[in-house]
Amino acid sequence: VAGKKGGFRLYDGFEPSGRMHIAQGVFKAVNVNKATQAGGEFIFWVADWFALMNNKMGGDPHKIHTVGQYFIEVWKAAGMDMSRVRFLWSSEEISSRAEQYWGRALDVARHFTVARITKCCQIMGRKEDNLTAAQILYPIMQCADIFFLEADICQLGVDQRKVNMLARDYCDASGRKLKPIVLSHHMLYGLKKGQAKMSKSDPDSAIFMEDSPEDVHRKIMQAYCPTKPEEATAEPTSSGAEAAEGMHLEADALMNPCLDYLRFIILSMPGSTFEANGVTYTKFEDARDSFLSGALSEVHLKEGLIRALNARLEPVRRHFLDDPKARELLQTIRQYSKEAVQVPPPSPRARVPTAVVFVELPGFHLTLSS
């Protein structure tokens, strides 16, 4: 692929929905920069129609589009090199080449059973037994996206692996020689015990890109931070079920989110360092071993992590403070979040007139003959 004439193409798709957590922001920017520096062109598939099918933002197309614009602004401020990055909106691209797109989607659909397609619905965070008809179409369309965009490499989270493998199996079934390469990235743990990944529905399960320094301090100081694997047994929650589904690329009995942030957010960039308790670390393994041996305390680890995370987030904060367009977008997104959590007051019970009627029991039985 690296020697392909004209370069190679990677793709990732995202549903515009709600706020952006640090895995989508910083970690994604790091991965994209690595890919483009290696000579690739990165296509971001802004999956607005997919968000609509998955009922994100209440199924409001205008809100979905606004959130998509907000995501792009975050990546610009997070250090993503945009020189070899393109953003394509699914609604626009599919509409402009409808015959090509839907022809491919139908061909994907005819090669697989409904049972096989529904097994891919983990990509939406949905269970197989509670799907709308639109959500069953979702994996078929995501599979078609890969060929529609002419992607050589699928660079998505490991939670999307099932549909990526569906695309490779489709190549076998349809006689295509060149299969897409699946380059999955790690899913960061949630900050609470037993959370196999972050959750937008739980604000304290992750650091978000516009979190204040106080938010970062509070969340990290409260974060789960075990030193022994036996302390890290996943709780019987939905997140634990996700872990059982193989949400991660490698076995990790510890499931320590603080070490996860250190490895994939702070020390993932080339030449990056981490300072804690007066010691500067250039390798994750050295910092991890110091923590596990007791040479680096939990408090010192977390204090160093807070400083490093705030340093990563500060350019994003400044961008959304200083840039008028970005500031307006963030204010709109925050308003959407408030609207989403508002619970309408219960409607007053209607007052229905009640009447009681007393009727004398019949003293005889009426028959047809009478």
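M57 sits in the loop that links α2 to α3. Before going further, note that this is a predicted model. The protein chain has 14 helices and seven strands. Of its 370 residues, 47% are buried. If you take the contacts in the chain with a separation of 6 or more, 74% of them join residues 24 or more positions apart.

**The α2–α3 loop**

- M57 is not a glycine, yet its phi is positive, at about 55 degrees.
- N55 is found in the loop between α2 and α3 (61-77), and N55 also has a positive phi, near 60 degrees, without being a glycine.

**Around F50 and E15**

- F50 belongs to helix α2, and at 1% relative accessibility F50 counts as buried.
- Leaving out residues up to four places away in sequence, F50 touches E15, W45, S90, Y101, Y138, M141, Q142 and D145.
- F50 and L137 are 87 residues apart in sequence, while their C-alpha atoms are 9.5 Å apart in space.
- E15 lies in the loop between β1 (8-14) and α1 (22-37).
- E15 has a relative accessibility of 11%, so it counts as buried; the cut-off is under 20%.
- The E15 side chain makes a polar contact with the side chain of N54, at 3.1 Å.
- Residues up to four places away aside, E15 touches A47, F50, A51, N54, K56, F71 and Y138.

**D12 in β1**

- D12 is part of strand β1, and its relative accessibility of 8% makes D12 a buried residue.
- The side chains of D12 and K28 make a polar contact at 2.7 Å.
- Not counting residues up to four places away in sequence, what D12 touches is K28, F42, I43, F44, W45, Q155, L156 and H185.

**Helix α5, face by face**

- Helix α5 covers residues 98-110, which is 13 residues, and it runs 18 Å from first C-alpha to last, close to the 18 Å expected at 1.5 Å a residue.
- Its buried residues are Y101, A105, D107 and V108. Looking down the axis of α5, the buried residues fall within an arc of 160 degrees, so they line one face of the helix.
- The face turned away from that buried side carries the exposed residues E99, L106 and R110.

**Nonpolar cores**

- The largest nonpolar core has 67 residues, and I22, Y261, F274 and L309 have the most contacts inside it.
- Setting aside neighbours within four places in sequence, I22 is in contact with F27, M198, I207, F208, M209, Y261, I265, L309 and L313.
- Apart from that core lies another one of 31 residues, among them I43, W45, A47 and A144.

**Cysteines**

- How many disulfides does the structure hold? The count is zero.
- For C121, the closest cysteine sulfur is that of C120, 7.1 Å away, which is too far for a bond. C121 is buried, with 0% relative accessibility.
- C154 is in no disulfide either, and the nearest cysteine sulfur, in C143, is 8.8 Å away. C154 counts as buried too, at a relative accessible area of 0%.
- If you want the cut-off, a disulfide needs the two cysteine sulfur atoms within 2.5 Å.

**An exposed glycine**

- G278 is in the loop between β6 (274-276) and β7 (279-281).
- Is G278 buried or exposed? G278 is exposed, with a relative accessible area of 67%.
- G278 and G304 are 26 residues apart in sequence, and their C-alpha atoms are 9.6 Å apart in space.

Technical notes
Residues numbered from 1 in each chain as written. Predicted model: local features only at pLDDT ≥ 70, side-chain atom pairs only at ≥ 80, totals over all residues. Heavy atoms only, no water. Helix = DSSP H or I, 4+ residues; strand = E, 2+ residues; numbered from the N terminus. Expected span 1.5 Å × (residues − 1). Buried < 20%, exposed > 50% of the residue type's maximum accessible area, 1.4 Å probe, protein only. Arc of directions from axis to C-beta. Polar contact = N/O pair within 3.5 Å; in protein donor to acceptor, adjacent residues only side chain to side chain. Contact = heavy atoms within 4.5 Å. Core = buried A, V, L, I, M, F, W, Y, C linked by side-chain atoms within 4.5 Å.
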